Amino acid sequence: MFKKINVLLIIFIFFITICQVNIISGELNNVKDYLDYLTDEEESALQEAIEAVKNDYNLDVVIVITDDTEGKSSMEFADDYYDDNGYGVGSDASGLLMLINMDQREVWISTTGKAIDIFTDSRIAEMIDHVISPLSEGNYFEASNTFIDDIKTYGEMGVPQGQFRVENEPYYKVTYFDKVLRLMKSFYVYLIALMISGIATLFVSLSSKGSVTIDNHTYEGKGSFVLSSSRDDFLRETTTKTRIQTDSGSGGSSSSVHSSSSGTTHGGGGGKF
Amino acid sequence: MDSVKGYKCKNCGGGLEFDPASQKWKCDYCFSEFDKHEIETETPLEDSLEESMPELDSYHCTSCGAELIADSTTSATFCLYCRNHSIIKSRFSGKFKPKNLIPFKITKEQAEEIYKKWINKRIFAPKEFKKKEEIEKITGIYAPFWLFNCKGDGMISGEGTRTRTWTSGNYKYTQTKYYKVFRRGNAEYQKVPVDASKKLDDKFMHMIEPYNYNDLTDFSMKYMSGFMAEKYDVEASEAEGVMKARVGKYLEQRLKETVNGYSSFVTHEKKVSLSDIREEYSMLPIYLLNNKYKGKDHIFIVNGQTGKVVGDTPISRSRQFAFMGIVFVIVWVISVFGGAFFV
């Protein structure tokens, strides 16, 4: 009897949670102004602009204004907010989130999916530059509009040539035990162990015989060798030239990425205002 | 004249044996010791071996009279019944009279110790090879060798290259100069040993070289006392072929060493001719242990003068797998638990 009630209870709690998520995402609004800095008209104008970006570039855009980041850093909060609330377009949840962290007076742009590649480190730095001056003047609507305009500009330009991702250390704490577990599952560890043990066995097996320790001098009479004739005649010469390859690696633009607590890969950057 | 020779102690009449440690002759029964001079005065008539003696159907121990059991090439051995050493004189006479020999320097005990050390390092060797009774089977043998002296005259010719690289602007230049290289030289080769016994594996006999020829002394049967000995069954003419190939290579290598200052050298032509070939018949000391394992012979040889070791042991599959398994586990544990500090 208790069991049945328990099961029912679990199902009930489950539904409640689902519904709550639905409620949040139902009224999913891409502009989350917890401090009411923006008027309702401004909010809907931004929402409209965001819808347009979503349609044109398949990128989700979120603007969050808050002074409570639940003790997380701006980067962590921005990433988690994006992941936990189910933002994003497509299977890789492409999109950007701009967090205006009033507690730290910091702005952070988090990129996800396709946006990571489009919005490279240098582009993010420029976007941050653009929004910092309106933000420091308290002009939040203007900052948001600049943000959306920049997304359009870069969205039009697409992924720059030679763009590559740079893996950053994940910021969530990986314990020693996690690493051990990961290595235990690693195919390479088995391969390396197999190779080393194989080579060691082969080496020990082959070393069982003796070796010849005499050489061409052993039986040669001391001082008996006479070089009676020696000639080195020049025949011909050739010269080849090859172009020196210049290193092209530095020319590309990079997108730094890291993993958030949910394991999703994010890019982005930020600055103080 | 006796066909079998045994050296007797002048104090008690027991058998005398050559002792490598003291380089003297020792009596096993009364512990008397005789040096080379004493033993020569004791048996003043070192029998003449110049004349060939007829090969007999059977030989008998000088001590107990029992028939000696020996291969047709065995020239010094022990009586199976009384352990008295016996030297079959006919097999050291005539064309089988060795010119010289190197006496044993390593004692049987030392050879056993060397074997123990060696076999313990062979972790894949089956357990049977490490038994005490197996180790005691190690035998000191005077092995027949042909020592060749000869003169060699040889030439090599080939192509050598010298390369130089430099950079200029955006280009890297590589200049290669080609030379025709010619070298001719001659050298004398002294006492190149070639195994003269078919019974002993040529490859291993080659590997126990070199011997230090400073200890080479004129042959005398008294050194055979206490050891086994074999007479040659590889004729000098046959052994000469082996020697020629070896010396040819030595001279070629010697000439190549004079080709300096090239980044690469390829030999196109080589020729070596040997002259003044003279051979000496010599007895060189080895300790031999012949193990049979699953129908195959496995040889262990110690150079009786220098102590150099060669040999081969069978590989026990199960030991091999166990070893590999242990290494695998150790490497795996180190990489997982140690590697976790670095990833």
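Predicted model: local features only at pLDDT ≥ 70, side-chain atom pairs only at ≥ 80, totals over all residues.

Visitor: OK, chain A then. In what order do the seven strands of the open sheet come?

Guide: The order is β1-β2-β3-β4-β8-β7-β5, and the pairing is mixed. β1 (31–33) and β5 (164–167) of chain A stand at the edges with a single partner strand each, so one side of each has no neighbour in the sheet. From one strand to the next, the twist averages 25°.

Visitor: And how do β7 and β8 of chain A pair?

Guide: They are antiparallel: β7 (residues 254–259) and β8 (residues 265–272) of chain A share three bridges. One pair to click on is His258(A), whose bridge partner in β8(A) is His266(A).

Visitor: Which strands does helix α3 of chain A lie across?

Guide: Helix α3 (residues 74–84) of chain A lies across β1, β2 (60–66), β3 (95–101), β4 (106–112), β7 and β8 of chain A. It runs at about 135° to β3(A). Helix α5 (residues 121–136) of chain A packs on the sheet too, touching β3, β4, β7 and β8 of chain A. The direction of α5(A) makes about 145° with that of β4(A).

Visitor: Switching to the interface. How many residues are in contact between chain A and chain B?

Guide: On the chain A side there are 53, in contact with 67 residues of chain B. The area buried between the two chains is about 5500 Å², and carbon and sulfur atoms give 61% of that.

Visitor: Which residues of chain A lose the most area to chain B?

Guide: Those are Asn216(A), Tyr219(A) and Phe225(A), together 14% of what the chain A side buries.

Visitor: How many salt bridges and polar contacts are there between chain A and chain B?

Guide: There are three salt bridges between chain A and chain B. One of the side-chain pairs meeting that way is Arg183(B) with Asp232(A), at 3.3 Å from N to O. For polar contacts, the count is 27 residue pairs.

Visitor: Which elements of chain A give two or more residues to the side that touches chain B?

Guide: α7 (176–185), α8 (187–206) and β6 (226–243) of chain A do. The largest share, 18 residues, comes from β6(A). By type, the residues on that side of chain A divide into 20 nonpolar, 21 polar and 12 charged.

Visitor: So what does β6(A) pair with over in chain B?

Guide: With strand β9 (residues 171–195) of chain B: 16 bridges join the two, which run antiparallel. To find your place there, look for Leu227(A), which stands opposite Gly185(B) in β9(B).

Visitor: Is the three-strand sheet of chain B parallel or antiparallel?

Guide: Antiparallel, in the order β2-β3-β4 of chain B. The edge strands are β2 (16–19) and β4 (33–34) of chain B, each pairing on one side only. β3 (residues 24–27) of chain B and β4(B) pair over two bridges, with Phe34(B) as the bridge partner of Trp25(B).

Conventions
Residues numbered from 1 in each chain as written. Chains lettered and ligands numbered in written order. Heavy atoms only, no water. Pairing = 2+ DSSP bridges. Helix = DSSP H or I, 4+ residues; strand = E, 2+ residues; numbered from the N terminus. Axes fitted to C-alpha atoms, helices over the stretch in contact; angles between N-to-C directions. Contact = heavy atoms within 4.5 Å. Buried area = accessible area lost by both parts, 1.4 Å probe. Salt bridge = Lys/Arg side-chain N within 4 Å of Asp/Glu carboxyl O. Polar contact = N/O pair within 3.5 Å; in protein donor to acceptor, adjacent residues only side chain to side chain. Nonpolar A, V, L, I, M, F, W, Y, C, P; charged D, E, K, R; others polar.
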